[in-house]
Amino acid sequence: MNTQLLSDSDTDLEHAASILSQGGTVAVPTETVYGLAANARDATAVAKIFAAKGRPSNHPLIVHIHNTKQLSELSANVPQQAYTLADAFWPGPLTMILPKHERALDAVTGGLDSIGVRMPAHPVLHRLLSEGDLIVAAPSANPHKKLSPTSAQQVFKELYGKIDAVVDGGPCAVGLESTIIDLSRINEGESPRVLRAGPITAIQLSKVLGEAVIGYTAHQQQVPGNIKQHYQPNSRLVVMNTQALSALVTQWPEEAACLYYSDHLISKFDQLETPPAHLQRLSSDKSEYARALYAALYQLDQQGIKQILVEHPPHSDEWEDVNDRLKRASA
Ligand code: TXA
Ligand code: MG
């Protein structure tokens, strides 16, 4: 298969929409990470996603929509809370797990009786989906367990020959996967719960809903696809606290790279006459840090770095998603 790299021109988006309508696979930009899309109404097309990624077929996929009216095609019993959250956070980095409509495909949900839905905030993807009046199932466009891609070039390189096309919509603005909130049992009286920490925190969700939202670390609910080792670079990744890294600065392990952000380490490294190669400074602003993290890890992988030492980010709620991804990347 000769994977095509497409631009965001009208002609290219029409072409991408027709590939999707005919059952092909197209990697698409979203504000979080690139997704690998196929027509969510076509089980044969959806199966191609699993083949391209090497993903187990019982791992459920998120369906990406461009219009809230499409919710009722996917969920028979959309809870009122879903519309409240959609008003506040869509289009945006929030996935809602809802009771599945019987017509929605088992190929998409891995046979579960719930379905994940998100309306992404990327103008290029929005045009593409509107063009063909499409809904697409799309996981992150990485080989199974690997780093999620934040650029079209990364997808092109990693999945070349396995998918029909990649649409280049530029680098992802958010850079980490969406927050997932489970609303599938709230019609039966269960509280909403966060299944994956993401850019929108449990506190923000709870404020908008006016009710308690069970945070991501407060429960141990397991779903297929929510796996311990995930988001992994090829290099060995070790997360260390600032003090421990600081102690290493003058006896730096040869060939280790470092991702750091604190003023303390910045000044420590600045004092060195010959600082170690492969130092990469990230922002202490959470959003900027998240936007740059995967790209930095991918770049170090491309250079064949064996070990990456990462300064432990702050422990606050705001950083929960970053901490979660780093934990899995180092598992
Ligand atoms: O930001 C994102 O969410 C990106 C972009 C492309 O939209 N997508 C993404 O998809 O991260 P993926 O497949 O890499 O991760 C989706 C997660 C998986 O861990 C899966 O298990 C969970 O969502 N999921 C999907 N449907 C579910 C369901 N019905 N119940 C529980 N978990 C579900
Ligand atoms: Mg993924």
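The side chain of Gln232 reaches the backbone oxygen of Arg328 at 2.9 Å, a polar contact in the sense of a pair of N or O atoms within 3.5 Å, where within protein one must be able to donate a hydrogen and the other to accept it, and where residues adjacent in sequence count only if both atoms are side-chain atoms. This is a predicted model, in which local features need pLDDT of at least 70 and side-chain atom pairs count only at pLDDT 80 or more, while totals for chains, interfaces and linings use all residues. Residues are numbered from 1 along each chain as its sequence is written, chains are lettered from A and ligands numbered from 1 in the order in which they are written, and side-chain values use heavy atoms, with hydrogens and water left out.

Gln232 sits in the loop between H8 and strand S11 (236-240), where helices (H or I, at least four residues) and strands (E, at least two) are DSSP runs numbered from the N terminus. Gln232 counts as buried because its relative accessibility is 18%, and buried means under 20% relative accessible area, against over 50% for exposed and partly exposed in between (1.4 Å probe, protein chains only). Leaving aside residues up to four places away in sequence, Gln232 touches Lys145, Lys146, Leu147, Arg328, Ala329, Ser330 and Ala331, contact being heavy atoms within 4.5 Å.

Strand S11 leads on to a sheet. Here 4 strands form an open sheet in the order S11-S14-S12-S13, with parallel pairing; two strands pair if DSSP finds at least two bridges between them. S11 and strand S13 (279-281) stand at the edges with a single partner strand each, so one side of each is left without a neighbour in the sheet. From one strand to the next the twist averages 20 degrees, with angles running from 0 to 180 degrees between N-to-C directions and axes being lines fitted to C-alpha atoms, for helices over the stretch in contact. Strand S12 (residues 256-260) is joined to S13 by 3 bridges, and Cys258 stands opposite Leu279 in S13. Helix H10 (residues 263-271) packs on this sheet, touching S12, S13 and strand S14 (307-311), and its direction makes about 135 degrees with that of S12. Helix H11 (residues 286-302) lies across S11, S12, S13 and S14, and runs at about 175 degrees to S12.

Another group of strands includes S9 (residues 179-182), from which Thr179 and Ile181 point one way and Ile180 and Asp182 the other, all of them buried. In a regular strand the side chains alternate between the two faces of the sheet. S9 runs parallel to S5, joined to it by 4 bridges, and Thr95 stands opposite Ile180 in S9. With strand S10 (residues 193-196), S9 pairs in the antiparallel sense over 3 bridges.

Ile181 also belongs to the largest nonpolar core, a set of 49 residues in which Ile65, Leu85, Trp90, Leu94, Met96, Ile181 and Leu205 touch the most other members; such a core consists of buried Ala, Val, Leu, Ile, Met, Phe, Trp, Tyr and Cys residues joined through side-chain atoms within 4.5 Å. Leu94 touches residues including Leu85, Ile181 and Leu205. Where H4 and H8 pack, their axes lie 10 Å apart at an angle of about 115 degrees, and residues including Leu85 in H4 meet residues including Leu205 in H8.
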